Amino acid sequence: MILSIIKDYFLNSTLHGLRFIAEDNRHITERLFWAVCCLMSWYASALLMGSSWFQFQNNAISFAMETTYLEFHTHFPMVAICESPSRNRTNEIAERARAIIGDFGNTEVCKQLSHFRLKSSFIIDNCFRGRTLEFTGNCTFTNLSMVARAFRLPCEEVMENCKWKGEPFNCCDQFVPLETEMGICFAINSIHASREGISEPPLDMRVNSSTGPGSLYIEFLTNVEAFVLSRYEVPQMNTKDRNILRMEGTMIRHRAFTVQEVFNERDVHDLSIGQRRCRFPYENNLAVYDKYSYSGCIVQCRKDAMMKLCNCSTHQMPKARPEEHCNLREILCIGSHEDYLSVLRSSTGVRNALFCPCTTSCEDQIITSTYGSLTYNNSMELKSTLLLEQQNVPTERFKRYVVRGPLDMVVSMGGATGLFVGASLLSFAEIIYYFTARAYASVMLKRRSKKEEQQQGPLLPLRRRRNVSKSLLATRTNN
């Protein structure tokens with residue numbers, strides 16, 4: 001039965017060469033010749049289709065440099081201001097915090113917790129005693145997150161006199177709170193910072209040939225770290241030093257830079273994440289931020305490692321649930337793994353450090369520093385100033401585009417099958433037809449004919465005798 005179906009398919013198939021194998025009047029050498037030709041053609045077609053599929057999966061994207069600078073806008077980088085530990089106004093901040101959270105014990109420990117960077121030695125020395133780590137009573141607080149927030153300064157006491165391209169604006173209407181793993185920072189021009197509760201519209205910080213290069217001026221009232229990053233990224237512990245400007249005392253800093261944006265064609269969105277090897281902000285798989293970014297993925301990776309090692313995360317971790325926060329004793333576990341959690345390693349690294357298999361961001365900005373200066377103000381007023389300035393209007397950007405889309409793959413595979421096998425899409429539909437519908441129909445026809453023969457079986461001898469008599473009578477009449 002199966003052999004008859006296969007033979008029927010070979011004799012009637014539109015695939016080239018198969019009928020010469022199944023025809024009854026063919027010599028064995030002809031059958032072997034066509035069998036070898038068909039096998040070689042199918043093998044060559046499979047190789048080409050496999051190559052097309054591999055190229056589609058692994059080399060579908062390419063980069064190019066665009067220089068049509070009159071046709072696009074470039075965003076100014078994101079600037080995040082994160083407060084640094086300072087000895088100034090310690091007593092004032094402590095009294096303010098005591099009014100919010102009540103008695104908390106050791107002031108220095110609270111300041112360390114508000115700027116926690118995985119180091120717990122200071123907490124051990126002041127809050128615990130001996131190898132058994134008994135509480136000394138110097139640290140009476142339990143909610144570390146509340147303590148950290150109480151010891152942070154509000155935006156109005158961190159910066160003032162902000163200017164965008166020489167035009168003043170209210171700092172705290174534009175620098176909005178941004179949760180980071182180092183605590184609350186204030187960010188401008190970030191896709192991650194929430195403007196909930198702020199009625200003032202955000203500044204349009206796009207620049208082009210008609211607006212001229214952008215510049216941002218800020219005066220700081222306390223020690224801070226200014227992160228200059230792509231507007232799609234977030235500050236984190238492994239941010240490179242070249243992207244961090246530390247402002248203390250009476251510093252006067254000037255930093256000039258260039259910005260190159262990565263632009264994505266519309267067809268890039270249609271490819272899978274594995275094909276383009278990057279994620280768009282809306283393709284978020286993180287719990288710590290609402291939009292995806294490479295740096296946000298690092299933060300998520302560090303949180304997952306903390307949960308695995310200590311069954312809790314730091315009290316400053318973005319969007320962490322209260323039950324996930326470490327208490328004062330559990331934070332010592334985080335500190336004991338500082339060397340592992342604070343350092344990233346590559347997939348080929350052998351160092352005992354954190355490995356985060358994070359996908360890069362599709363939306364990105366490449367910021368290159370071109371000039372920097374640092375001086376000090378002789379004034380008695382403890383105020384530092386920062387001027388960030390684009391050196392020139394961007395004249396180029398990177399473009400990510402599709403070189404092998406789904407249509408290219410279909411055309412390539414169709415050409416391979418047509419060239420070597422002589423097949424089309426309907427040829428593959430024939431295979432399903434011959435081995436399902438046609439095979440079923442053949443079986444049903446044979447059963448029906450067999451049933452009819454069985455029903456007419458007793459009448460067949462009589463009919464044959466009648467036919468013989470009629471033929472004899474006709475012969476005699478003719479004679």
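How much space lies in the largest cavity? About 50 Å³.

**Before you start**

This is a predicted model, in which local features need pLDDT of at least 70, side-chain atom pairs count only at pLDDT 80 or more, and totals for chains, interfaces and linings use all residues. Residues are numbered from 1 along each chain as its sequence is written, and side-chain values use heavy atoms, with hydrogens and water left out.

**Stop 1: the five-strand sheet**

Select S8, S9, S3, S12 and S13, in that order. They form an open sheet of five strands with antiparallel pairing. Strand S8 (176-180) and strand S13 (244-247) stand at the edges, each with a single partner strand, so one side of each lacks a neighbour in the sheet. From one strand to the next, the twist averages 30 degrees. Strands here are DSSP runs (E, at least two residues), as helices are (H or I, at least four), numbered from the N terminus. Two strands pair if DSSP finds at least two bridges between them. Angles run from 0 to 180 degrees between N-to-C directions, with axes fitted to C-alpha atoms.

**Stop 2: strand S3**

Now select residues 78-83, which make up S3. On one flank, S3 pairs with strand S9 (residues 183-188) over three bridges, in the antiparallel sense. Look for Val79 opposite Ile188 and Ile81 opposite Phe186. Strand S12 (residues 224-229) also runs antiparallel to S3, joined by six bridges. There, Val79 stands opposite Val228.

Show the side chains of S3. In a regular strand the side chains alternate between the two faces of the sheet. Met78, Ala80 and Cys82 point one way, and Val79, Ile81 and Glu83 the other. Six of the six residues of S3 are buried (under 20% relative accessible area; exposed is over 50%, partly exposed in between; 1.4 Å probe, protein chains only).

**Stop 3: the cavity**

Keep S3 on screen. S9 supplies at least two. The count comes to one cavity of 30 Å³ or more.

On a 1 Å grid over the protein atoms alone, a cavity is a set of points where a 1.4 Å probe fits but cannot get out; a pocket is an open set with protein on both sides within 12 Å along at least five of seven lines; lining residues have an atom within 4 Å of a point. A volume is the space filled by probe spheres set on the points, which are joined across faces, edges and corners.

**Stop 4: the largest pocket**

Select Glu233, Lys240, Asn243, Tyr294 and Asp364. Of the 23 residues that line the largest pocket, these are the closest to its centre. About 690 Å³ of space lies in this pocket. Helix H10 (294-310), strand S18 (360-361) and strand S19 (364-376) each supply at least two lining residues. S19 gives the most, with four.

**Stop 5: Asn208**

Finish in the loop between strand S10 (206-207) and strand S11 (215-220), where Asn208 is found. Is Asn208 buried or exposed? Asn208 is buried, with a relative accessible area of 10%. Its side chain makes a polar contact with the side chain of Ser210 (2.6 Å).

Conventions
Polar contact = N/O pair within 3.5 Å; in protein donor to acceptor, adjacent residues only side chain to side chain.
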